[in-house]
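Here are my notes for you, with the structure open alongside. Read them point by point and find each residue as you go.

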Amino acid sequence: MDSDRPRAIDHLVLPVESLQTSRERLEALGFTVARQADHPFGTSNACVFLADGTYLEPLAIRDASLVGESVRGGNVFTGRDARFRSGRLEGLSAIVVSSSDAAADHQRFLRAGISAGDMLGFSRQALTADGTPVTASFQLAFADLESDLFFLFSCQRINPLPADRSVLERHENGVVALREVLLHGAAPDDLVKRIETVTHAAGFSEAEETAFTLANARIRLVAGSETASGTDRAVKAAAVVFHVADLTVTELLLADNHLPYVRTPHRITVAPAPGQGVSFVFEE
């Protein structure tokens with residue numbers, strides 16, 4: 001069973017309209033993108049694996065009828081994805097934390113009054129590095145942050161993939177790890193408590209932001225974001241911050257690929273674009 005120490009971020013879910021567009025965008029940004037993998041409930045991904053064990057999960061709809069059937073059947077994963085897509089076409093919809101006991105997480109979420117619905121268990125076929133077919137199995141437990149644009153869940157790998165991902169973890173842009181996820185929205189005590197319950201990380205508040213230091217990265221919640229329709233109090237993701245080995249390498253790659261960016265002494269920021277629904281920030 002998981003201890004009370006801060007959880008680690010397992011991966012980030014990034015809904016996209018097209019996996020091909022997302023692949024082209026991410027590869028232009030210097031990421032190595034894995035082959036497409038299909039979920040049994042109608043979605044597909046093409047992941048970006050980082051050397052720190054985290055990964056990005058660009059998520060697209062492969063079969064709308066399967067997705068619709070799963071939503072009607074109470075699948076929280078596809079249901080929350082549908083809610084996100086009804087408000088935004090692309091972006092970052094969820095932070096996923098690692099778990100060794102998703103069932104215990106689910107019971108904890110129920111006791112805390114923050115469960116987003118039933119657990120989800122599923123398996124999918126995959127190929128190892130040498131082409132051997134294997135079955136990967138997962139158990140997910142979901143928490144509700146009372147926002148259609150963002151939620152949290154925990155992921156237990158029942159049958160993890162044995163593949164060596166070292167090739168996929170090398171990226172031309174020099175990214176080696178996830179550093180931070182930036183969220184925008186109001187930070188009432190109830191929301192902070194919900195995030196603490198899922199992550200096991202105590203929120204530290206200062207001025208207009210609250211930071212949660214997890215085992216391998218940080219979540220930072222900044223209050224008072226503005227949207228085209230005015231002040232939006234619903235929590236939503238704004239940026240993903242990556243750690244790079246050499247910022248000069250990153251800048252040269254972006255320039256060579258003719259991608260616009262903003263450079264400051266210690267970071268490079270790339271604004272959202274089709275296939276990349278939130279800002280990407282690169283820091284040494």
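1. Start with Arg23, which pairs up with Glu27 in a salt bridge, and their closest N and O atoms are 3.9 Å apart. The term means a side-chain nitrogen of Lys or Arg within 4 Å of a carboxyl oxygen of Asp or Glu. Both residues sit in helix 1 (residues 19-28), and because they are four residues apart there, about one helical turn separates them. Helices here are DSSP runs of H or I with at least four residues, strands are runs of E with at least two, and both are numbered from the N terminus.

2. Before you go on, a word on what you're looking at: this is a predicted model, where local features need pLDDT of at least 70 and side-chain atom pairs count only at pLDDT 80 or more, while totals for chains, interfaces and linings use all residues. Residues are numbered from 1 along each chain as its sequence is written, and side-chain values use heavy atoms, with hydrogens and water left out.

3. Is Arg23 buried or exposed? Arg23 is buried, at a relative accessible area of 19%, while Glu27 is partly exposed at 38%. The cut-offs are under 20% relative accessible area for buried, over 50% for exposed, and partly exposed in between (1.4 Å probe, protein chains only).

4. Now look at Arg83 and Asp148, a salt bridge whose closest N and O atoms are 2.4 Å apart. Arg83 belongs to helix 3 (residues 76-87) and Asp148 to the loop between strand 8 (133-143) and strand 9 (151-159), so this pair ties together parts that are 65 residues apart in sequence. Arg83 is partly exposed, with 37% relative accessible area, and Asp148 is partly exposed too, with 41%.

5. Which residue does Glu180 form a salt bridge with? The partner is Arg220, and the closest N and O atoms are 3.2 Å apart. Since Glu180 is in strand 10 (residues 175-184) and Arg220 in strand 13 (residues 218-222), the pair ties together parts that are 40 residues apart in sequence. Glu180 is buried at 5% relative accessible area, and Arg220 counts as buried at 16%.

6. The whole structure holds 16 salt bridges.

7. Last stop, helix 5 (residues 189-199): its buried residues include Leu191, Val192, Arg194 and Ile195.
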